[in-house]
Amino acid sequence: MEQASDTYSRIEHPDKCRDLLEQLCEQGGARLIGLSPDTPSLAVVLMEVVPGERLVIDLTALPAVAPLLESGGYDSRLAGRVASTLLRSAPLGGWQRLSVPGRVQLACPWPEWLEILHRRSAFRAELPTRLTVPVEVLPAGGMRPFAGRLLDLSQGGCRIELPAGSASELQAGQVVEQVVLRFPNGQQIGLRGEIRHRQLNPDWKAARFGFAFDRPSADLERRLWFYVREIERESARGAFGGDSALAPSPLFQAGRVAQAGDPSHSHGRDYATPMARRLARVALYLSGLAVDLQHGNEIESARLSWHSDYLLGLLDEERQDLLFAAHCLVDDPPLIQHCIAVAVRLADLARSRDLPNELVKAICACALVHDLGKALLPPELMRSESLDHRQREIFGRHVALLCERLGRCKWLAEPVVRGIVEQINERLDGSGYPLGLQGDQLGELARMAAVVDVIDAMGRPRPDRPEQAISGVYRQLIGREAQLDRRWLQHYIQRFGLIPVGSLVRFAEGDLAWVERLDSKGEIAQVRLADQSSMRGATLSTPVSGEELAALGPIEGIVIPGS
């Protein structure tokens, strides 16, 4: 229903009338209104607009209406919608039939004026690329925030572009505590809402979300309408052929807000090292793949093959740079970070055992996707701090859900899929899932993969427990030899060290540093000093090694990132 405050305004300027009618002619949707109480509206075709002279309509589909108009006994108007603007003409008369073979067409004199109405609830102001309004999305349930940019705004909702990684974590129907819009002049507004739809961009580099606002107060509605009008005004002012005489909108005139949250920039551009910025390409692929799986699609064989080769190329180029880079993907979803970390370490461990290249590639590919079936589980299940028997049974289905989507990847040998995807969560004592296999039922690949998977998972926070430092992880696992293969645990520690690359350490003088490189004996050879305990937003020093490293003194302990 139309709001009482929404009223038509009259336009008499010939050029503005011409522009509106020409747009209506081009896009269709014209109607005749006011013929009679019984026939309030009839769809017609606006065939021709001759500015200042006449309008031509086609009534071939409604030939009985033509005599009524020709008789002059009925008042009628032309109406329609241009974008989100409703328009209607002055009363039309003087209709004359045109001689067009096979068609029923009538012409009338040019209307004296038009009336227009912007429907506030429907009007949507789109932002051209030159206007950037950063947005922060704060999901309910304690999920991490997401930064992006505003695409359009209405009183009822908005569309936002976010990094592709958000698409696997945010879903239609999900409640959002706040959508915060921050305009360049410093003004901001926060609104509660719900996600109505999402769509990945064709290149999988970003995702677009539609949000519906949750009954904003009268004050917020007034502010929203002000912002909608100012966006439309500024867009028109700067458009090609726009009215340059309009004064700039104050919303876009102050110092520009930092654009770090703009997802249109290359994903991972701000990551700490060049290798991390290159590895972000794999993270971007996996985030898009998670959404593709949620849409019911299978894993595309060629894309998985290409990204597996790409990751192995980075590993062959410089393994320690890649091991460190796997800890720098702080803007990617935790699920994606875990898959990449497991793939990097499994592939490196497989390389160290001189396994054939084709087998290493298959191991890498399976590890990259091994946990993506979790993206197909109910989000509330993944956020639960404790699971009952029924919930654990549902949780374990993520393995089968993923295996169902691997049918097109014929180059993945069945034993590799079985070992890395199907059995990575099984344990030697039968306490794992989904089948509760044990002992000799588990092959070497499953034993190796389980060690890598568990060590990385224990170093990351979960709803039911906090993350642990690597020293604590090793201590626990040494006491769990009934579950994990002792030989592969020893191989892991020998390969990656007691303080692996990517660990955060504190030196005796209080300096925090990320371990970037180990020597041949597994001792720390190079670090990056940090200004905080979290990699997100941290400033890292240039590499520190040799005498400069020795001057930092002994290591006081391993620090849990973010603590």
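The model is predicted: local features require pLDDT of at least 70 and side-chain atom pairs count only at pLDDT 80 or more, whereas totals for chains, interfaces and linings use all residues. Residues are numbered from 1 along each chain as its sequence is written, and side-chain values use heavy atoms, with hydrogens and water left out.

**Overall form**

The secondary structure of the chain amounts to 16 helices and 22 strands. These elements are DSSP runs numbered from the N terminus, with helices (H or I) of at least four residues and strands (E) of at least two. Along the principal axes, the C-alpha atoms occupy a box of roughly 100 × 50 × 45 Å. The radius of gyration of the chain is 31 Å, while a compact globule of 563 residues would have a value near 24 Å. That radius is taken over C-alpha atoms, and the globule rule is 2.2 Å times the number of residues to the power 0.38.

**Sheets**

The antiparallel pairing of S4 with strand S5 (residues 54–58) extends over 5 bridges, and Arg 54 in S5 is the bridge partner of Val 50. Contact here means heavy atoms within 4.5 Å.

A further open sheet, of 5 strands, has the order S21-S20-S19-S18-S22 and antiparallel pairing. Its edges are strand S21 (544–545) and strand S22 (555–559), each with a single partner strand, so one side of each is left without a neighbour in the sheet. Within it, strand S19 (residues 512–518) and strand S20 (residues 524–530) pair in the antiparallel sense over 6 bridges; Leu 518 stands opposite Ile 524 in S20.

**Helix packing**

Axes are lines fitted to C-alpha atoms, for helices over the stretch in contact, and angles run from 0 to 180 degrees between N-to-C directions.

| Helix pair | Angle | Axis separation |
|---|---|---|
| H4 (residues 274–294) and H5 | about 160° | 10 Å |
| H5 (residues 301–317) and H8 (residues 357–369) | about 110° | 9 Å |
| H7 (residues 334–352) and H13 (residues 444–458) | about 140° | 10 Å |

Angles under 35 degrees count as roughly parallel, over 145 as roughly antiparallel, 65 to 115 as roughly perpendicular and the rest as oblique.

A crossing is left-handed if the near helix is turned anticlockwise from the far one by less than a right angle, and right-handed if clockwise. Residues making the contact include Arg 278, Val 282 and Tyr 285 of H4 and Trp 306, Tyr 310 and Leu 314 of H5. The contact of H4 with H5 divides into 9 nonpolar, 1 polar and 4 charged residues. In this grouping Ala, Val, Leu, Ile, Met, Phe, Trp, Tyr, Cys and Pro count as nonpolar, Asp, Glu, Lys and Arg as charged, and the others, Gly among them, as polar.

H5 also packs against H8 at about 110°, an arrangement that is roughly perpendicular. Among the contact residues are Ser 308 and Leu 312 of H5 and Cys 364 and Leu 368 of H8. The residues of this contact comprise 8 nonpolar, 3 polar and 2 charged.

H7 and H13 meet at about 140° and are oblique to each other; their crossing is right-handed. The contact includes His 338, Arg 345 and Leu 349 of H7, together with Met 448, Val 452 and Asp 456 of H13. Its residues divide into 8 nonpolar, 1 polar and 3 charged.

**Backbone exceptions**

Most residues other than glycine have a negative phi, and most peptide bonds are trans. Trp 204, although not a glycine, has a positive phi of about 65°; this residue lies in the loop between strand S16 (188–200) and strand S17 (206–213). Tyr 433 and Pro 434 are joined by a cis peptide bond with omega of about 10°. Pro 434 is placed in the loop between helix H12 (414–422) and H13.

Methods. Two strands pair if DSSP finds at least two bridges between them.
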